[in-house]
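Here is a short briefing on one chain and its partner. Keep the structure open while you read.

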Amino acid sequence: MTDLQIEIVCATPLSEDDFWLRSALGNSLRYIGFDARIATCIHYENRLSPAEAYNDSIGAERDSTVLVFVQDDLWLQDYFLVDRLSAGLDLYDVVGLAGCVRRVKDQSAWFSDGPGLEIQNGFLSGVLGHGADALGNAHVFGPVPAECELLDGGFMAARRRTLVEHQLLFDSQFGIHFHDMDFCRGARQRGMKLGTCQVSATRQSQGAYGTPAWSDGYRAYLAKWGS
Amino acid sequence: MKLELISASRLAEGPFWARSALGQSLQKMGHDARLTTNFTFENKRGLPDIYNEGIQSARDSDVLIFMHDDVWLQDFFFVDRVLEGLEQYDVIGLTGCTKLRHRQANWACEAGGGKEIDFEGLSGVIGHGHVPVGHPTLFGPVPAQCESLDGVFLAAKKETLLRHQVMFDPQFTFHFYDMDFCRTARKKHLRLGTWGISVTHVSGGDFGGESWADKCRLYFDKWGD
């Protein structure tokens, strides 16, 4: 067994009671939390960008060696989460559940083939369940593990020391949309390796792509990165 | 590598896929070309008969997985997990004991034929419940080399079992077939171990009935201690 100490970091709009009773992540953590190597840092009733909550953990002086940035609608199904992360972080600096192995011009989401939301089949990696309950129907995006350019921000993990050494933070101008794309671009700009790892999980939402808030985020992202 | 999942269910084929934890899990996990299934529906035969047919069959499977039908497979990378485990051990399970006690009647039980769990020297993590991601019990660190494994899930390379002539004893129809199989494997110097595969077991086991007591006597008659 690995001796990693991981910290699950989540920014949720829910109250503390609702998070632990109603959310997929809260329910998951009640079960997989038997593992003493797992700690949590949950920001309840969060109305700000998750970037600020995530950056707090990156800058914190705590014992946890690995930070896992997770959205609250994710069911974690693997009792051996820490071991999976250890295997993933032996290969990559930042790991996720799904991502793309190439980045194209004006790419608007980790899975898209350009500015639209068409899927770039053949260039994706990851397996992720979809559904309201744990063990949703698995969607196979592509082989895992694979080195990636961009990762889905529903779940991303890295060693705290690696992030600090590379001075990589989340940009708080990005809200729930594009904070992940921006983070991955920043990581790649610093020469860090990104990749998918084999953590079994189910996502409740399909993402809120195409909303006005998403469009605003896309414009801000393109203004920052040019493409 | 080709993996063959062998399971016997009392359910008919339709209810198996609609209602059993294993049937529902496999549908949710999606297709993996490396995994085939070999299911016996409406089963009334002992598990050793069915499992031995799998070992001796002409199918070209490399790895055999013997499994109960009341198990939620909740790891989408199940096949990779099994293959990883079989790089370390000849036979893998989810839970087991690292040493055998005197007159131990179950992989987890205390010495002396009792039915209480003795956590010392146990290994494994398994969830319990009627829905996926049940409440896990931590028996002990995983992986660990073991003397005996819980028969809810066992996997081995077919060639290993054939080469060492490790089979299930048909006299242990539903109880003690796993203990006996592990004793046989250890006698042939196979390495047994637990592996970290995330599953939830619906039932908590069926210990202490008349049938269990009968097989317990048979088991101690066969193995002595």
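A helix here is a DSSP run of H or I with at least four residues, and helices are numbered from the N terminus. By that rule, K215(B) sits in helix α7 of chain B, residues 210-223. Bear in mind that this is a predicted model.

**Overall shape of chain B**
- Chain B holds seven helices and 13 strands.
- Its radius of gyration is 16 Å, close to the 17 Å that the globule rule gives for 225 residues, so chain B is as compact as a globular protein of that length.
- Along the principal axes, the C-alpha atoms of chain B fill a box of roughly 45 × 40 × 35 Å.
- Of the 225 residues of chain B, 46% are buried.
- Take the contacts in chain B with a separation of 6 or more: 76% of them join residues 24 or more positions apart.

**The sheet**
- Seven strands of chain B make an open sheet with mixed pairing, in the order β2-β1-β3-β11-β5-β12-β9.
- Its edge strands are β2 (35-40) and β9 (145-146) of chain B, and each pairs on one side only.
- Helix α3 (residues 47-56) of chain B packs on this sheet, where it touches β1 (3-8), β2 and β3 (63-67) of chain B. The direction of α3(B) makes about 160 degrees with that of β1(B).
- Strands of a sheet pair through backbone hydrogen bonds, either parallel or antiparallel.
- Strands β5 (residues 91-93) and β11 (residues 153-157) of chain B pair in the antiparallel sense, over three bridges.
- G93(B) stands opposite L154(B), which lies in β11(B).

**The nonpolar core**
- The largest nonpolar core has 128 residues.
- V68(A), L85(A), I65(B), V71(B) and A155(B) have the most contacts inside this core.
- Beyond residues up to four places away in sequence, V71(B) touches A21(B), L22(B), V152(B), F153(B), V199(B) and H201(B).

**Where chain B meets chain A**
- Here 20 residues of chain B are in contact with 20 residues of chain A.
- Three elements of chain B, α2 (21-29), β7 (122-128) and β8 (135-140), each supply at least two residues of the side that touches chain A.
- That side of chain B has 10 nonpolar, seven polar and three charged residues.

**Back to K215(B)**
- Is K215(B) buried or exposed? A residue counts as buried if 20 or more other C-beta atoms lie within 10 Å of its own. K215(B) has 21 within 10 Å, so K215(B) is buried.
- Leaving aside neighbours within four places in sequence, K215(B) is in contact with F172(B), H175(B) and F176(B).
- K215(B) and V82(B) are 133 residues apart in sequence and 30 Å apart in space, C-alpha to C-alpha.

Methods: Residues are numbered from 1 along each chain as its sequence is written. Chains are lettered from A and ligands numbered from 1 in the order in which they are written. This is a predicted model: local features need pLDDT of at least 70, side-chain atom pairs count only at pLDDT 80 or more; totals for chains, interfaces and linings use all residues. The radius of gyration is taken over C-alpha atoms; the globule rule is 2.2 Å times the number of residues to the power 0.38. A residue is buried if 20 or more other C-beta atoms lie within 10 Å of its own, exposed if 12 or fewer, and partly exposed in between; C-beta atoms are placed from the backbone. Two residues are in contact if their C-beta atoms, placed from the backbone, lie within 7 Å. Two strands pair if DSSP finds at least two bridges between them. Axes are lines fitted to C-alpha atoms, for helices over the stretch in contact, and angles run from 0 to 180 degrees between N-to-C directions. Ala, Val, Leu, Ile, Met, Phe, Trp, Tyr, Cys and Pro count as nonpolar, Asp, Glu, Lys and Arg as charged, and the others, Gly among them, as polar. A nonpolar core is a set of buried Ala, Val, Leu, Ile, Met, Phe, Trp, Tyr and Cys residues joined through C-beta atoms within 7 Å.
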